[in-house]
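Student: Please take me through this structure one contact at a time, stating each cut-off as it comes up.

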Amino acid sequence: MADTDDLLERKNFYLDVPPACSAFTLKGSNALDWGMKNRLARIFSPADNRTVMLAVDHGYFQGPTTGLERIDVTIAPLVPFADALMITRGALRSSIPPETSKPVVLRSSGGQSILKELSNERIAVDIEDAVRVNASALAVQVYIGGMHEHQSIGNLVEIVNSGNRHGIPTMAVTGVGKELARDAKYLGLATRICAELGAHFVKTYYCEKNFAAVAAGCPVPLVIAGGKKLPELDALTMAYRAISEGAAGVDMGRNIFQCDAPKAMIQAVRAVVHGDETPEKALDLYHALKSDGEVEEACQQKTQLR
């Protein structure tokens, strides 16, 4: 029990200071509960409401993807440069050090492989397990226009509901089959449906024509997928244009971990997303960091030979 002798009676209630009431400025998120906002603020920097997510969940349907053969070797060193890590629970538990402080966007749907119809997914993570691994968000694939559209939308709704009960936001991922065009009309349809059904942010593709309309028509933040491996300047240009036209960040994978210098590339992407750097200057940064890394690696090899 606290000692009640000689209690100070002087109290300052700061009567001349109005109560703090700060707005949560991330798009479409101000009405959310405290836990939701806190988790979203881990993923999207409160300084600019943008994010650089590192996507390494490809193995859930592709198996040992090039660059992800050993996540503990190739990805763990990149995590400090990312704002968030998109990953499966299996790879998280087996390959990412638990002292990592970066927020986890947990892949929560699956059930198919590259050998079958991609849209045939189910919920693949129980909400209690997401809580156990301290997930900051749940990611679920949605195939608007796909063979199993209804099923994938049902997965999204169920994940949103279970996440809401535990204060964990949901990221919908718009999956586009080969037969569907990645144009503004389709992406606008898919992202809006995901937001209307409760997704707190949406991962989608960038399109060169009218992407600004896609971003404006979605009431929650959009992050763009990197997609297939591109030349470094092309990947940086895509990120720059997407941010300039309303995206809140990127969720890149292959354009980082399949790069010749992944650590340099993720820092160049950060310069675009958080520093508003031009693609050309970001590419210069990439080459400078790549050169420094090669020198450092050569010095380490010489040291090991001694």
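Student: Is the crossing of helix 9 and helix 11 left-handed or right-handed?

Tutor: This is a predicted model, in which local features need pLDDT of at least 70 and side-chain atom pairs count only at pLDDT 80 or more, while totals for chains, interfaces and linings use all residues. Residues are numbered from 1 along each chain as its sequence is written, and side-chain values use heavy atoms, leaving out hydrogens and water. A crossing is left-handed if the near helix is turned anticlockwise from the far one by less than a right angle, and right-handed if clockwise. For helix 9 and helix 11, the crossing is right-handed.

Student: Are helix 9 and helix 11 roughly parallel or roughly antiparallel?

Tutor: Helices (H or I, at least four residues) and strands (E, at least two) are DSSP runs numbered from the N terminus, and axes are lines fitted to C-alpha atoms, for helices over the stretch in contact, with angles from 0 to 180 degrees between N-to-C directions. The axes of helix 9 (residues 232-244) and helix 11 (residues 262-273) come within 9 Å and cross at roughly 25°. Since angles under 35 degrees count as roughly parallel, over 145 as roughly antiparallel, 65 to 115 as roughly perpendicular and the rest as oblique, helix 9 and helix 11 are therefore roughly parallel.

Student: Which residues of helix 11 make the contact with helix 9?

Tutor: Contact means heavy atoms within 4.5 Å. Helix 9 contributes Glu232, Ala235, Leu236, Ala239, Tyr240 and Ile243, and on helix 11 the partners are Met265, Ala268, Val269, Val272 and Val273.

Student: In what order do the eight strands close into a barrel?

Tutor: Two strands pair if DSSP finds at least two bridges between them; strand 7 (residues 170-174) and strand 8, for instance, run parallel and are joined by three bridges. The pairing in the barrel is parallel, and the order of its eight strands is 1-2-3-6-7-8-9-10.

Student: Which residue of strand 9 is the bridge partner of Lys203?

Tutor: Strand 8 and strand 9 (residues 222-225) pair in the parallel sense over three bridges. On strand 9, the bridge partner of Lys203 is Val223.

Student: Is His274 buried, partly exposed or exposed?

Tutor: His274 sits in the loop between helix 11 and helix 12 (279-305), and, not counting residues up to four places away in sequence, His274 touches Ser45, Asp48, Arg50, Thr51, Val52 and Asp83. Buried means under 20% relative accessible area, exposed over 50% and partly exposed in between (1.4 Å probe, protein chains only). With a relative accessible area of 23%, His274 is partly exposed.
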